Amino acid sequence: MSSSPTPPALEGNAASESVGLAVDAGLKPAGPTPSQSRFQVDLVTEAAGAAAAAHDKSPNSDASTIPTNDKATPVADGADGAGGDEGKSRFRVVNFADPSEAGSPLDAGPAEGLQNGDTVMSETSLHSSTGGQHHYHYDTHTNTYYLRTFGHNTIDAVPNIDFYRQTAAPLGEKLIRPTLSELHDELDKEPFDDGFANGEELSPAEEAAAKEAAESKGVVKFGWIKGVLVRCMLNIWGVMLFIRMSWIVGQSGIVLSCLIVLMATVVTTITGLSTSAIATNGFVRGGGAYYLISRSLGPEFGGSIGLIFAFANAVAVAMYVVGFAETVVELLAGVDALMTDELNDIRIIGTITVILLLGISVAGMEWEAKAQIFLLFVLITAIINYFIGSFITVKSKESYGFFGYDSAIMMENMGPDFRDETFFSVFSIFFPAATGILAGANISGDLSDPQLAIPKGTLLAILVTGIVYLGVAISTGACIVRDATGSLNDTVSSMFMANCTDAACKMGYDFSICKDPKTRCKYGLQNDFQVMSIVSGFGPIITAGIFSATLSSALASLVSAPKVFQALCKDNIYPGLSMFAKGYGKNNEPLRGYILTFCIALAFILIAKLNIIAPIISNFFLASYALINFSVFHASIANSPGWRPSFKYYNMWVSLAGAILCCGVMFVINWMAALLTNAIVLGLYIYVSYKKPDVNWGSSTQALTYHQALTHTLHLSGVEDHIKNFRPQCLVMTGYPNSRPALLNLVHSFTKNVGLMICGHVRTGSRRPNFKELGADHSRFQRWLLRNETKAFYTPVFADDLRQGTQYLLQAAGLGRLRPNTLVFGYKNDWRDGDMMNVETYINMIHDAFDFQYGAVILRLKEGLDVSHIQGQDELLSSQEKTSAVKDVVVSIDMSKDSDGDSSKLSSKATSLQNSPAVQKDKKSPSMPLNVSDQRLLEASQQFQKKQGKGTVDVWWLFDDGGLTLLIPYLLINKKRWKDCKIRVFIGGKINRIDHDRRVMATLLSKFRIDFSDITVLGDINTKPKKESITAFEDMIEPYRLKEDDMEQEAAERLKNSEPWRITDNELELYRAKTNRQVRLNELLKEHSSTANLIVMSMPLARKGTVSSALYMGWLEVLSQDLPPILLVRGNHQSVLTFYS
């Protein structure tokens, strides 16, 4: 809404108004409830304050009570003064009270309360504000929100974070700023409109999330240490740290082991930086890797990765539990305490373990977090225990290969000593230890501040764990030899000392027997996986560390999988999985997801073999990392203004390198598993793309599509058009796209995947144009086109008449080179029934098209084209798009069904239900059976949607218009529906040279590489038509003749000026030959093409200003009447075909 400037006479009221504000402080009404989120805008008199002051001491002052919430307020009689007349165009907004004072008593006098002039009235009270009984109404919004902005009465709001929220929770209340209509529209318009500003409608998933978040109270949220750092460190410090790191050093040597750790750390660091960038580009909800990827790259990638990532976490539970069970079984075997055999013991212990872990998880995130803290304490104690032990040399440990730190041992272990392994195979064994960096991000919904916690916790975890891995690699390589027998007797005698070069020899031990392939030593870096237990100060603590590492990783995965899966199911990407979206308790725990994860984990635990499941899990994780890195690159290169991460330490090219590295590592670890992973991701991607979930997350895929479209459009504009690249780009005057299906379907048949198609719609009417309704219709019908798989754009315009609107479209439709070059519209079947000025407008549209250098195409079906009076509203809008009863748009019923030329007639004009009671009544009444003509019309309108059987497309190429008449049928028969049809060409010629003309045309068509089945030369085209045909034509145009010979010249001129469409006698005589040709052509068409599937014919031209509209319309009528579907085509006489390469 807009408010007029304050009249000078009212400026004196400012003082009293300010006084009123001061007095009002003690008169605050009950404040808005937290759910109130609209502005109550009302008209009041600017002089109300002054009038109240004048009546301040009068006992007759009929003052009102202050409004409380939704109760209307009567106004003082002083408002009826002359000042009220001047001020009634002003807006006032009632100041809102502090909710804490909602219950304060209203103990001040009523007169003082009126001095602020903030009396609430609705617009309907304006009409009675000059006296008489007042009527008070509120608008439809019961939730009101009263504001003063900058101390003045205006509803224009200052910037507020609550305007930008998508949902009412979990961060705060969702407020809706005043709409542009409320601030700008005129007073007699209804300014309020329900809904979200800027089209910010929420998806069902987001609404559900908002509702759940709003209802949850006392939710447990974690900071960056407990929520991210602890989880990531526990997940990264897996079993590898204690039982594989020493073996890796033995195989690769210190240098290459450090390189392996650094390579893995580089991959995880880049991924961590990318994760941080995405996580700080807006509020992050639950779902971890799935949420980050889906909101960045869209549902196709997000849906595919989300499913395999959740599955990988579920299987990872089994992997870690089996690792734990193996360690327990080894301990049992050492004391000869196996229950059955090793494999079954692993299954038994694994099953018991996963049940206990499930119990901890189901107990709630708080218990799980406490368990993680305890496990981290044990793990760190085990690591410290190892490093302390490495400095304590014990004589009894030397036979096992541990001699303490020594430069000789370190130099000996610097280089590699691969035994049945390669660098990449060792790397593939280590890399799963580096995965786990998303453990914190996976519970993003349970973090108090994901934007702060994810970057800080993830990157610090990568740094700390990387340093520890490097420290362990250097430490083990510097104090433990590669081979040891474990026997104290293998000491070196003095006589063999000279021949001994190993580091162990210098320490007094001879382990040379281990180099014999037949002898298998059990100790040393290469042979003993438990060597860190030997080195440590207290061995059992290392065993506890192994238990802690496995159980913590299993617990993290057991929590991550259901959380990610729940987020995926909430978005309804895979409809069949929606049952797992339900959460329970204050933390919205996915109990169903826990049960599913437990079942998957149990199934893999029963396999009891790590080597089978480990590679595919690593590849699933790596696929997720690759896509997270690619997301950052993709979002950066799309250059979307919405990509503004607060974390700045990332680089798009580094992220791309990270994505490539992840893909490379996938194939290094296991190329078969990598291929399988890629195949699964691709399959899920294709499925989601095919299903097209109804979500819009503003992904970088959309941003890049726009960026590329804009770039290519600009690039295209700098290139001159070439004949070889000509495409028919059609502006089709369809009106509403579904009102003329035959026209839409036929044009779409030859423009689909070939050229541009714009559905033009001229909206006319006596009432003022409603541009907001126009915008809503534009969005609605564009969706209708997409839903019906019609590749076209809907472009409506408001204009005074059809011709003016068409001129607007001819000039402004399109962008750059993507502009229409051909105007297509339906034939005006009812031209003789209505106002002949409509015919004048219709014919002038053809002239305008040629003036703008457009080609022109007219489609005629003998049954007609416009079916809007049959369809009714149900075909217009799908049930999903009907937002409310008041906003429903329906097609008005109009019995003049053949007004196909005018795309703006009532037959396709949208009206609101509230203004169309006749349509409302019709909607409730049972549908009436169709009459015969409507049944035929409906059948005819669907004919181009069906596959055309074996038949012909007859091309009557009588005049050379540049080749458009020939190009359109060629494009048609290359489509699937028309491929069984053959092209027959008809040309004009002379009887004495028919063969010559046929050969010339055949040569031309072969050079154009256009297949044809037959060429017919019409030698009798100039034969005089039958007498009855001429008589019928003359009878048809008789009502439209001027007959100037029968009246005075002045009267004739006056009549011609007022009715320019009339046919003069002179004109009729001048174009007698041309008229006879049209009549004769119709006879030939009936003779040769009465069974054709479609006739494409050169449209006759009429010179502008010399041929009247009625005569030209008569030519088109007589030429195309009583025929199969016929396209009258006239190009713009510039070549659209070429035979040059």
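Trainee: Does Thr265 count as buried or exposed?

Mentor: Thr265 has 18% relative accessibility, so the residue counts as buried. Before we go on, keep in mind that this is a predicted model: local features need pLDDT of at least 70, side-chain atom pairs count only at pLDDT 80 or more, and totals for chains, interfaces and linings use all residues. Residues are numbered from 1 along each chain as its sequence is written, and side-chain values use heavy atoms, with hydrogens and water left out.

Trainee: Where is Thr265, and which residues is it in contact with once neighbours within four places in sequence are left aside?

Mentor: Thr265 sits in helix α9. Helices (H or I, at least four residues) and strands (E, at least two) are DSSP runs, numbered from the N terminus. Contact means heavy atoms within 4.5 Å. With the neighbours within four places set aside, Thr265 is in contact with Ile462 and Gly466.

Trainee: What does Trp247 touch, not counting residues up to four places away in sequence?

Mentor: Trp247 is in helix α9 too, which covers residues 245-279. The Trp247 contacts are Glu421, Val426, Ile429, Leu525, Gln526 and Phe529, with residues up to four places away not counted. At 9% relative accessibility, Trp247 counts as buried. Also look at Ala473: its C-alpha atom is 9.7 Å from that of Trp247, although the two are 226 residues apart along the chain.

Trainee: How much of the chain's contact count comes from residues 24 or more positions apart?

Mentor: Among contacts with a separation of 6 or more, residues 24 or more positions apart account for 81%. For the overall picture, the chain has 38 helices and 14 strands, and 53% of its 1141 residues count as buried.

Trainee: How do I read a helix crossing, and at what angle do α11 and α20 cross?

Mentor: Axes are lines fitted to C-alpha atoms, for helices over the stretch in contact, and angles run from 0 to 180 degrees between N-to-C directions. Angles under 35 degrees count as roughly parallel, over 145 as roughly antiparallel, 65 to 115 as roughly perpendicular and the rest as oblique. Here the axes of α11 (residues 299-334) and α20 come within 8 Å and cross at roughly 45°, and α11 and α20 are therefore oblique to each other. The contact is formed by Phe311, Ala314, Val315, Val317, Ala318, Val321 and Val322 of α11 with Thr597, Ile600, Ala601, Phe604 and Ile605 of α20.

Trainee: How many residues of the contact of α11 with α20 are nonpolar, polar and charged?

Mentor: Ala, Val, Leu, Ile, Met, Phe, Trp, Tyr, Cys and Pro count as nonpolar, Asp, Glu, Lys and Arg as charged, and the others, Gly among them, as polar. On that scheme, the residues of the α11 and α20 contact come out as 11 nonpolar, one polar and no charged.

Trainee: On to the sheet. What is the strand order in the open sheet of 10 strands?

Mentor: Strands of a sheet pair through backbone hydrogen bonds, either parallel or antiparallel. Two strands pair if DSSP finds at least two bridges between them. The order is β5-β4-β3-β6-β7-β14-β13-β10-β11-β12, and the pairing is mixed. β5 (793-798) and β12 (1014-1018) are at the edges with a single partner strand each, so one side of each has no neighbour in the sheet. The twist averages 20° from one strand to the next.

Trainee: Which residues of β7 are buried on each side?

Mentor: In a regular strand the side chains alternate between the two faces of the sheet. In β7, Gly855, Val857 and Leu859 are buried on one side, and Ala856, Ile858 and Arg860 on the other. Six of the six residues of β7 are buried, so this strand is largely enclosed by the rest of the structure. β6 (residues 822-826) pairs with β7 in the parallel sense over five bridges, and Phe825 stands opposite Ile858.

Trainee: What is the phi of Asn572?

Mentor: Most residues other than glycine have a negative phi. Asn572 has a positive phi of about 60° although it is not a glycine. Asn572 is in the loop between α19 (539-570) and α20 (591-605), and is partly exposed at 40% relative accessible area. Gln853 also has a positive phi, near 65°, and lies in the loop between α28 (836-851) and β7 (855-860).

Note on methods
Buried means under 20% relative accessible area, exposed over 50%, partly exposed in between (1.4 Å probe, protein chains only).
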